[in-house]
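Subject: Structure handover

Hello,

Here is the structure for you to open. Please have it on screen while you read the notes below.

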Amino acid sequence: MEPYPALLLENYQDRVLVVADLHIGWEVSLAQKGIHVPSQTPRLLEKIVRIIETTAPTRIVFLGDVKHAVEKVELEEWRDVPEFFQKIGERVPDIQVVLGNHDGNLDALTTPNVKVHSSNGIMLWDTIGLVHGHAWPRIDLLRCETLVMAHLHPVVVFTDELGFRMVRQVWIRSKVESIKLAKALFKHAKIKPVGSIRSEARSRLGVDLVDQRCIVMPSFNENLGGRSVNRRDGERSKSRTLIGPILRSSAVDFEHAELYLLDGTYLGSVKHLRSLS
């Protein structure tokens, strides 16, 4: 949704705003290193409220990593996260969270109007699957034409001849080989297909596997670091970039994935940009 790192999904009267990777409380990790930054939660809230006022969503889904501490809950998170949900709830009554890898003990911080889902993801309208990306998705998300994930914090990085670096957040859109993804999911779930992968999906899920697409969202918190998707340091760099089981399943055609800036500008494919970096 130009020019914000947020996604608006519409189906008749249902308008779902999707936001990922807020990492509320990330300033604490800096303070522990002697770098003191004021809480940026009010700025995050202000930006989301601006989007809500523009789009008038019927519900909002936070696609993982609402808070920053992985397992514990920092003191600042006890204060900021409930207040954040309360302020959002005054504008959007239906708030849902798909747990990310940083959301340990998030349940204790949520207000009553927040519904928390497991990291395996949720499905919208039988066509769109929403996952954070650090865990395997629900097997029935194979029926979805589109998978939306976060977790990667994708950016592109370019360096000029003087050594100056330009770093920009990007959206990623890629094709997914559904048979490869189904095979990986079946293996993870310890399901041994009786026949072909396609027939197994049909018998277990009642659907025919279709070509899917994957959309990787940029982090909503622009102060976070990101993973450069256009580095060309060989296989080691590639393995570091492809975090999460979906990307590492080899089902996602990452090399030919399309990259877009927040304002919608098309940059080219990952493979093309790596050749220029």
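Residues are numbered from 1 along each chain as its sequence is written, and side-chain values use heavy atoms, with hydrogens and water left out.

Confidence
The mean pLDDT (the predictor's confidence in each residue, from 0 to 100) of the chain is 81. A score of at least 70 is reached by 84% of the residues. Among the elements, strand S3 (residues 59–62) has the highest mean, 94. Helix H6 (residues 235–241) has the lowest, 53. Where pLDDT is low, the predicted coordinates should not be read in detail.

Whole chain
The chain has 8 helices and 14 strands. These are DSSP runs, numbered from the N terminus: helices are H or I with at least four residues, strands are E with at least two. Of the 277 residues, 52% are buried (under 20% relative accessible area; exposed is over 50%, partly exposed in between; 1.4 Å probe, protein chains only). Of the contacts (heavy atoms within 4.5 Å) with a separation of 6 or more, 68% are between residues 24 or more positions apart.

Helices H4 and H5
The axes of H4 (residues 178–188) and H5 (residues 197–205) come within 10 Å and cross at roughly 70°. Axes are lines fitted to C-alpha atoms, for helices over the stretch in contact, and angles run from 0 to 180 degrees between N-to-C directions. H4 is therefore roughly perpendicular to H5 (65 to 115 degrees). From H4, the contact uses Ile179, Ala182, Lys183 and Phe186. From H5, it uses Ile197, Arg198, Glu200 and Ala201. By class, that is 5 nonpolar, no polar and 3 charged residues (Ala, Val, Leu, Ile, Met, Phe, Trp, Tyr, Cys and Pro are nonpolar; Asp, Glu, Lys and Arg charged; the others, Gly among them, polar).

Ser178, Leu181, Ala182, Ala184, Leu185 and Phe186 are the buried residues of H4. They pack against strand S8 (146–149), strand S10 (165–176), H5 and strand S11 (212–216). Just after H4, Lys190 has a positive phi of about 60°.

His102
His102 sits in the loop between strand S4 (94–98) and strand S5 (114–117). His102 is buried, at 15% relative accessible area. Its C-alpha atom is 7.8 Å from that of His23, 79 residues away along the chain.

Best wishes

Key. This is a predicted model: local features need pLDDT of at least 70, side-chain atom pairs count only at pLDDT 80 or more; totals for chains, interfaces and linings use all residues. Angles under 35 degrees count as roughly parallel, over 145 as roughly antiparallel, 65 to 115 as roughly perpendicular and the rest as oblique.
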